[in-house]
Each structure stands twice: as C-alpha cells, then as structure tokens.
Amino acid sequence: MGKYCVPKEIRDLKPKGKMVKAVNGQYYVYNYKNIKDENGKWKVKMGEIVGKITLENGFIPNGSMANDSPDIIEFGQYKIILDLTKSIYDLLEKFFDKVDAMAIYNLATIHFINDFTFIKNVKSFYDMSYLSIKYPTVNMGYNSLCELLTNLGCKTKRVRALEQYLIDNSSKKIAIDGHDIKSYSNENDLASNGNKYQTFKSPQINVLMAYDIETKTPLASKTYDGSMLDKTSVKDFLDLYAFKNTLFVIDAGFYSNDNLNLFSKNDCKYIIPLSRNLKEYKEATADMNLNENFVYETSNKRTVIEYKCYSTANKKVYIFRDLNQSVLEKADYIKNMASLPDKYNQEKFNEINDYFGTIVLTSNYDIKPEEIFKLYKQRWKIETFFNYFKNGVQYNNIHFEDYYKTQGLSFIMLIVGLMYKEVMKQIEKIKGLSLNDLLLKGRFIKASKRGDYWYLANIKKDTKCILDTLNISIESKFKF
C-alpha cells in the first residue's frame with residue numbers, strides 16, 4: 001500500500017467492490033474481477049470505467065451530470081485578463097517549459113480573478129472558464145498542482161532566474177518589505193508566533209518581497225519563518241540575488257549596522273528611517289531648530305517641509321518636518337486629550353510638540369535633501385501593493401502544512417502581482433475604471449456552446465467600448 005498512488009481520503013470514498021486509479025490528476029473508478037492466469041495464479045483484471053471520485057463530491061457515477069463537460073462557461077473576465085497579461089505568459093515561457101508555464105499562468109489567473117483559491121477548488125474554476133478552451137491540455141487537477149507548487153518551492157533555479165531577470169531590468173529603485181500571513185497549520189515548518197500574534201491569535205508566516213517603486217513592479221518573493229524579524233530574513237534575501245547599483249528604500253524594521261553594510265555593497269545606496277528608540281534618532285532630534293525648507297508637491301498635496309541634515313560615518317542624517325502633517329497630528333492629539341486624559345495630556349504635548357510631523361532618515365546617497373525626501377515617500381507604493389494582497393486578492397491565511405508548497409505559493413503571489421501591475425497600467429487609459437468594475441463587466445459575458453461553435457452573450461454596449469479602448473477583440477462566435 002505504501003506505493004499506492006491514490007491518497008487514502010480518495011480510497012475511503014471508493015464504492016465497495018470497485019478499484020480506483022489516478023490518471024492525469026483525476027481519480028477514475030473501475031470494475032474489476034479476480035481471474036487465474038495460465039499458471040493457476042490469481043490476478044486482478046480491470047474492467048470498464050464506472051465513474052470518478054473527487055474530494056468535493058465523492059463518487060460520481062457515469063451518467064451523472066457531474067461528468068458532463070460544461071457548455072456555458074465564464075468568458076469575459078478571463079478573456080480580458082488573458083489579453084491584458086499576455087506579456088506575463090511570455091515571460092514565464094522564457095524560463096519554464098510550455099507545460100509548466102501554462103500551469104503557473106492558469107493558476108495565477110484563477111487567483112487573480114477569483115481571489116486566493118484553495119488547490120482543491122482550482123479545477124472547478126478552470127473547467128467552468130475560458131481557460132479550459134484556451135489551454136485545453138494543461139492539467140489543473142489537485143495532484144498536479146500540488147506537484148507544481150512543490151517543484152516551485154524546492155527546484156528554484158528557474159524561479160530565481162526569472163526574479164533576477166526582473167531585478168536586472170528594473171529601475172533599480174527598490175523597496176523591500178514583509179507581508180504577514182496568518183497560518184492555520186501547526187505542522188508548517190514556517191508557521192510561528194510572530195509580531196502579529198496579538199492580532200492574528202494564531203501563528204504566521206512572513207513573505208518578503210522586492211518591489212520597484214518607480215514602475216510599481218514586484219521583482220522577487222520568498223517566504224520566511226513567522227517569528228523571524230525582517231532585519232534578519234533580509235540578509236538571506238539579499239544573498240539570493242545580485243543587486244548592483246541599486247537604491248534600496250526601506251522601512252525602519254530593517255535597520256542594523258550589518259544591514260546598512262549589506263545595502264551598501266556593489267555600489268548600492270539606501271534610504272532608511274530611524275525609529276524613535278534608537279540612539280541615533282535621539283542624537284539627531286536633540287536640536288529641533290530646522291532652519292531650511294522646501295516645498296513638497298504631489299498630485300493632491302502641497303506642503304512645506306522644514307529640515308536640517310548633517311554627515312556622520314560615511315552617511316548623512318536628515319530630519320524632516322512636514323508642516324501640514326504637524327498641524328494635523330497636533331489637532332488629533334488635542335482632540336484625544338478630552339476623551340483619554342490619562343494617555344494624552346498637556347504636559348506630554350509640550351514635550352513632543354516639536355516632533356509632530358517629523359521623520360528622521362539616514363542615507364549613503366549623496367543627493368539633495370528634497371530628493372531624499374521624495375524618494376522615501378515613494379516607498380508607500382509597496383504598502384499599496386501589499387494592501388492589494390490583503391484586501392484585493394485575499395492572501396490573508398495559508399493552510400499548507402508543507403514548506404515547499406508554501407514557497408511555491410509565494411512565487412504564484414509574485415506572478416499575480418505582475419498581472420496586477422500590468423492590468424492596472426492598462427486600465428489607467430479609462431478614467432474612473434477600477435479593477436473590480438472591469439472584472440464585474442467581464443463577468444456578464446458568457447460563452448455558450450452549440451455544435452462546434454461558442455457563442456457570446458450579454459455583451460453590453462459600454463463594456464464593448466471599454467474592451468475596444470483596451471484593444472481587446474471579441475467575436476460573437478468563435479471555434480476552437
């Protein structure tokens with residue numbers, strides 16, 4: 001039984017007196033009988049197929065509708081995303097063979113459109129979608145997807161080569177940050193109580209990502225033990241890739257003298273804030289007489305930034321105070337004084353009055369202070385990107401018990417992120433159109449099979465205008 005290729009949970013669903021066999025990730029049920037061979041020895045002879053077994057539906061006999069191929073499928077949203085993200089599939093084919101590239105792309109597409117999807121449910125989404133027509137030879141069965149994720153997690157040469165390609169072709173302005181994900185598996189090697197335990201009330205895993213803040217492109221991804229601090233895991237992360245002539249714009253959680261040295265290797269630069277408990281921060285803010293200023297302007301904000309800077313040990317320290325933000329933070333503090341007098345009071349207000357709206361940065365990049373400030377402000381883009389993972393595609397919890405599958409999923413997250421970047425870049429052509437709006441409009445378009453042809457229904461006029469603007473061509477009738 002140790003070599004039996006059918007999992008126990010599938011065998012438990014087998015009808016009595018039948019046998020089950022795995023074929024291309026599906027489990028088919030057969031009649032069988034015991035016969036004697038010419039030597040008088042008993043052996044099993046397989047008979048005709050009588051049905052199949054799935055974890056969701058159990059034994060499905062021949063003649064059941066569950067065995068019928070769908071003749072009405074989800075078309076619009078899949079057609080839109082496949083057309084807008086063709087460059088992502090082309091990228092995958094640079095580093096993976098066609099079979100693996102199709103499986104990775106199909107899995108990422110299902111996640112992108114339907115949010116995070118458990119492996120056992122992927123085949124159902126695939127069967128009911130345009131993917132099954134566009135990529136009819138790809139195997140999206142449970143076993144095949146488990147093998148795919150495992151291979152992505154333990155045979156990483158192609159994964160790292162693709163990520164290195166993205167890094168080499170980036171703007172070289174890179175943010176690195178971590179995304180904490182709740183884990184429901186106590187057996188996952190990466191699941192541990194971490195910094196979000198009070199929020200999650202369960203173990204977590206941490207996904208570290210590199211992100212191009214200029215082009216809004218995710219570049220690399222790896223999963224780490226949930227108890228590991230970002231300042232520790234980033235050492236391994238930096239060692240995986242060749243970063244040269246790169247500007248790292250990073251968060252305070254990565255600060256350490258060792259890491260500053262790592263961020264300085266191979267002619268790299270860094271911009272990093274100092275947390276308030278550091279000696280360097282206290283030294284920098286001992287005198288808050290900021291006697292220089294510049295105007296910081298974005299599409300929706302214009303404010304005056306007061307600052308001062310000084311050099312120390314091959315780097316510079318910058319103290320910036322945003323006057324608009326300072327006023328807002330003071331107003332919030334005063335408002336809280338009335339309702340929470342134990343925590344907010346006049347004495348403490350007087351102590352921290354000069355620090356409202358203040359940030360302290362250190363950098364080895366010798367450029368104007370206003371440029372340092374602007375570059376650091378661009379780091380918010382990775383926070384927006386992580387917000388998409390959390391609230392958009394719903395990568396909020398993981399049930400995997402396997403280290404390698406978890407690592408493989410982090411690569412799928414990267415591909416989903418690349419798809420998001422590509423789609424968002426293209427829908428900017430249409431004012432007021434959100435990703436959710438686009439997918440909702442596409443969801444109305446169904447494909448119905450009649451004979452050898454598929455016919456499209458529910459193509460609304462405004463949707464057709466959007467598709468034309470995005471250069472997405474659809475025919476009312478097509479054949480595969």
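User: What makes Phe294, Tyr296, Tyr307, Tyr318, Phe320 and Phe373 a cluster?

Analyst: Ring pairs link these residues. Rings of Phe, Tyr and Trp (its six-membered ring) pair if their centres lie within 6.5 Å; planes under 30 degrees apart count as stacked, over 60 as edge-to-face and the rest as tilted. By this rule there are 29 aromatic pairs. This is a predicted model: local features need pLDDT of at least 70, side-chain atom pairs count only at pLDDT 80 or more, and totals for chains, interfaces and linings use all residues. Residues are numbered from 1 along each chain as its sequence is written, and side-chain values use heavy atoms, without hydrogens and water.

User: Why is the pair of phenylalanine 294 and phenylalanine 373 called edge-to-face?

Analyst: The centres are 5.9 Å apart, with 65 degrees between the planes. The limits are within 6.5 Å and over 60 degrees, so the pair is edge-to-face.

User: Why is the pair of tyrosine 333 and phenylalanine 349 called tilted?

Analyst: Its planes are 45 degrees apart, and its centres 5.7 Å.

User: What makes lysine 222 count as a charge over the ring of tyrosine 224?

Analyst: The rule asks for NZ of Lys or CZ of Arg within 6 Å of the ring centre and within 35 degrees of the ring normal. Lysine 222 lies over the face of tyrosine 224, 4.5 Å from the ring centre. Arginine 450 has its charged end over the ring of tyrosine 455, at 5.3 Å from the centre.

User: Why is helix H2 described as largely enclosed by the rest of the structure?

Analyst: In H2 (residues 76–84), 8 of the 9 residues are buried, so the helix is largely enclosed. Buried means under 20% relative accessible area, exposed over 50%, partly exposed in between (1.4 Å probe, protein chains only). Helices (H or I, at least four residues) and strands (E, at least two) are DSSP runs, numbered from the N terminus.
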